[in-house]
Amino acid sequence: MEGLHYHRATSIEDALQWIAEPGAVFIAGGTQLVDLMKGGIARPRCLVDVSRLPWNAVEPLDDGSLSIGAGVRNSDLADHPEVRRRHPLLARALLAGASPQLRNMATVGGNLLQRTRCHYFYDNGFPRCNKRAPGSGCDALQGHNRQHAVLGTSEHCIATHPSDMAVALAALRARLRLRSAADERRLALADFHRLPGDTPERDTELREGELVLAVELPPLPFARHCHYLKVRDRASFSFALVSVAAALELDDDGRVRDAGLALGGVAHKPWRVPAAEQALLGRRPDAAAAADAAGLLLDGARGHGHNDFKIELARRAITRAITRAAGNDSPDA
Ligand SMILES: Cc1cc2nc3c(=O)[nH]c(=O)nc-3n(C[C@H](O)[C@H](O)[C@H](O)COP(=O)(O)OP(=O)(O)OC[C@H]3O[C@@H](n4cnc5c(N)ncnc54)[C@H](O)[C@@H]3O)c2cc1C
Ligand code: SF4
């Protein structure tokens, strides 16, 4: 049995120093990492616990953005008065994820960095998984792929990204603050998660030893007209087959002045197509306009057998989410 070192970080600098140890990984709420360790899929040699760092603030920035520390628990974020008032789309997406107990432990950083729920990835009994064992192949391609991606796939991987929170953050044009021992940088959330290409083992653009410090949400006036629609097999405690985050800014005439749209459950990353948002501009967000946006969002979608149904499901879900967002008129709707 291999030894495992555990270090509880006392500061960000301390965490960044310890992550340089061979085989070191960050652990926050542990709700996914511990599962992966139990299954032998993650085999860290050193756990750097970042859950006690003083980075659980939700605070306004000078430019009007809202900064959310990476250590904020999912339940606290969904319940935060400023998030409910300014970004109810985010609160609703969070509440659509996991269970109350899990949300009480799960952190913002851990949610963004969670790995796919592809059952072949999770089960060592299946020999071929390019994400778990690079170069081994992909058992999902010819296997049971009902949950899998229909957009942005490659011949090496058709897994989806499971986070609900990230889908809302993509629609809300969030940025991430990332910190390494060498420097600090900002990255648009839309550029953070990757498509599988020929390196599906890499989920994100996070560099080795880099820490997600915070999420920043720009002050977009999307609060009054938004909807998060999650289609899943069970009413709760289930990952999305398809999810849609829709946020609209309407003028006095009820026409779209700005729009944020993103899909979950359909790709290796939250799926955002700026052209689909632009297609709504200047129009009333009725079923016809929503169908046009859906066509652009789903351009190039391709099923793999069991998941062919997702394309039509997504089309209908997008139309419903946009028209429902248009109907909402209060941040708590
Ligand atoms: C039964 C079940 C159902 C679920 N259903 C849903 C669902 O419907 N929707 C949904 O969105 N999620 C769902 N989840 C996933 C859950 O939201 C994640 O497990 C959780 O968000 C991970 O957060 P954590 O803090 O526990 O991360 P951890 O398990 O501690 O870490 C996860 C990963 O993130 C890395 N990490 C953590 N923090 C940082 C940081 N600040 N910087 C860099 N790396 C970091 C860790 O190294 C690790 O690789 C479900 C989970 C379970 C077990
Ligand atoms: S879809 Fe990706 S994660 Fe799933 S088995 Fe194939 S390579 Fe592995």
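Predicted model: local features only at pLDDT ≥ 70, side-chain atom pairs only at ≥ 80, totals over all residues.

Q: How many cavities of 30 Å³ or more does a search of the whole structure find?

A: The search finds two cavities of that size. The largest cavity has a volume of about 90 Å³. Of the 17 residues that line the largest cavity, C118, C129, C138, C157 and A159 are the closest to its centre.

Q: What is the class make-up of the lining of the largest cavity?

A: Nine nonpolar, five polar and three charged residues make up the lining of the largest cavity.

Q: Which ligand sits in the largest cavity?

A: Ligand 2 sits there.

Q: Which residues come nearest to ligand 2?

A: There are 13 residues around ligand 2, and the nearest of them are C118, C129, C138, C157 and I158. By class, the shell around ligand 2 holds nine nonpolar, three polar and one charged residues.

Q: OK, the other cavity. What lines the second largest cavity?

A: The lining of the second largest cavity consists of Q114, R115, T116, K131, T160, H161, P162, H193, D203 and H268. That cavity has about 50 Å³ of space. Its lining has one nonpolar, six polar and three charged residues.

Q: H193 is on that list. Where is H193 in the fold?

A: H193 is in the loop between β7 (184–188) and β8 (211–217).

Q: Buried or exposed?

A: H193 counts as buried, because its relative accessibility is 2%, and the cut-off for buried is under 20%.

Q: And what does the side chain of H193 make a polar contact with?

A: The partner is the side chain of H161, at 3.5 Å.

Q: Switching to ligand 1. Which residues come nearest to it?

A: F26, G30, T31, T107 and D164 come nearest, out of 30 residues around ligand 1.

Q: What polar atoms are there by the oxygen atoms of ligand 1?

A: A polar backbone atom of A28 is 2.8 Å from an oxygen atom of ligand 1. For G30, a polar backbone atom is 2.7 Å from an oxygen atom of ligand 1.

Q: And which residue has a polar side-chain atom by a nitrogen atom of ligand 1?

A: That is Q114, with a polar side-chain atom 3.5 Å from a nitrogen atom of ligand 1.

Q: D164 came up for ligand 1. Which buried residues go with it in α9?

A: Besides D164, the buried residues of α9 are M165, A166, V167, A168, L169, A170 and A171. Helix α9 covers residues 164–171 and is mostly covered, with eight of its eight residues buried.

Q: What happens at the start of α9?

A: A side-chain oxygen of S163 comes to within 3.3 Å of the backbone nitrogen of M165.

Q: And which residue with a positive phi follows α9?

A: R173 follows the helix, and its phi is near 55°.

Q: Now open space. How much of it lies in the second largest pocket?

A: About 300 Å³. Of the 22 residues lining that pocket, R117, Q147, T160, F239 and A240 are the closest to its centre. The lining has seven nonpolar, eleven polar and four charged residues.

Q: What about H87, where is it found?

A: H87 is in the loop between α4 (81–86) and α5 (88–95). With a relative accessible area of 3%, H87 is buried. Its C-alpha lies 7.3 Å from that of F222, 135 residues apart along the chain.

Q: And I311, which helix is that?

A: I311 is in helix α12, residues 309–327. I311 is buried, with a relative accessible area of 17%. I311 and L298 are 13 residues apart in sequence, and their C-alpha atoms are 7.3 Å apart in space.

Terms used: Residues numbered from 1 in each chain as written. Chains lettered and ligands numbered in written order. Heavy atoms only, no water. Near = heavy atom within 4 Å. 1 Å grid on protein atoms, 1.4 Å probe; cavity = no way out; pocket = protein on both sides within 12 Å on 5 of 7 lines; lining within 4 Å. Sits in = over half its atoms within 2 Å of the grid points. Nonpolar A, V, L, I, M, F, W, Y, C, P; charged D, E, K, R; others polar. Buried < 20%, exposed > 50% of the residue type's maximum accessible area, 1.4 Å probe, protein only. Helix = DSSP H or I, 4+ residues; strand = E, 2+ residues; numbered from the N terminus. Polar contact = N/O pair within 3.5 Å; in protein donor to acceptor, adjacent residues only side chain to side chain. Points joined across faces, edges and corners; volume = space filled by probe spheres on them.
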